[in-house]
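Here is a short briefing to read alongside the structure. A few local features are picked out below, grouped by topic.

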Amino acid sequence: MKPDTHPEYHAITVVMTDGTTFQTRSCYGNAGDTIRLDIDPKSHPAWTGVQRIMDTGGQVAKFNKKFAGIGLKK
């Protein structure tokens, strides 16, 4: 390998959204820096499997109103 082509690889602290921390090695910042995560595997729906329906502009309410009676036979 060529000398002086790779960035410095050092230890940093990662702070999860719930406040837990862990040490890892990275090229980010300087040795001893801290990264605070806004999204992590403990809170993001892609990893937890828990989805929330966001009703932006009333689209979900409009859909529910339009198709409210379908499939309900008595």
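Please keep in mind that the model is predicted.

**Asp-4 and its backbone**
- Asp-4 is found in the segment before β1, the strand that spans 10–15.
- Although Asp-4 is not a glycine, its phi is positive, at about 65°.

**Ser-26 and its surroundings**
- Strand β2, which covers residues 21–26, contains Ser-26.
- Ser-26 has a relative accessible area of 19%, and because buried means under 20%, this residue counts as buried.
- The Ser-26 side chain reaches the backbone nitrogen of Tyr-28 at 2.9 Å.
- Setting aside neighbours within four places in sequence, Ser-26 is in contact with Glu-8, Tyr-9, His-10 and Ile-12.

**The aromatic pair**
- How many aromatic pairs does the count come to? The count comes to one.
- That pair is formed by Phe-63 and Phe-67, with 4.9 Å centre to centre and 50° between the planes.
- Is Phe-63 buried or exposed? Phe-63 is exposed, because its relative accessibility of 51% is over the 50% cut-off.
- Phe-67, at 35% relative accessibility, counts as partly exposed.

Note on methods:
Residues numbered from 1 in each chain as written. Predicted model: local features only at pLDDT ≥ 70, side-chain atom pairs only at ≥ 80, totals over all residues. Heavy atoms only, no water. Phe/Tyr/Trp six-rings, centres within 6.5 Å; stacked < 30°, edge-to-face > 60°. Buried < 20%, exposed > 50% of the residue type's maximum accessible area, 1.4 Å probe, protein only. Helix = DSSP H or I, 4+ residues; strand = E, 2+ residues; numbered from the N terminus. Polar contact = N/O pair within 3.5 Å; in protein donor to acceptor, adjacent residues only side chain to side chain. Contact = heavy atoms within 4.5 Å.
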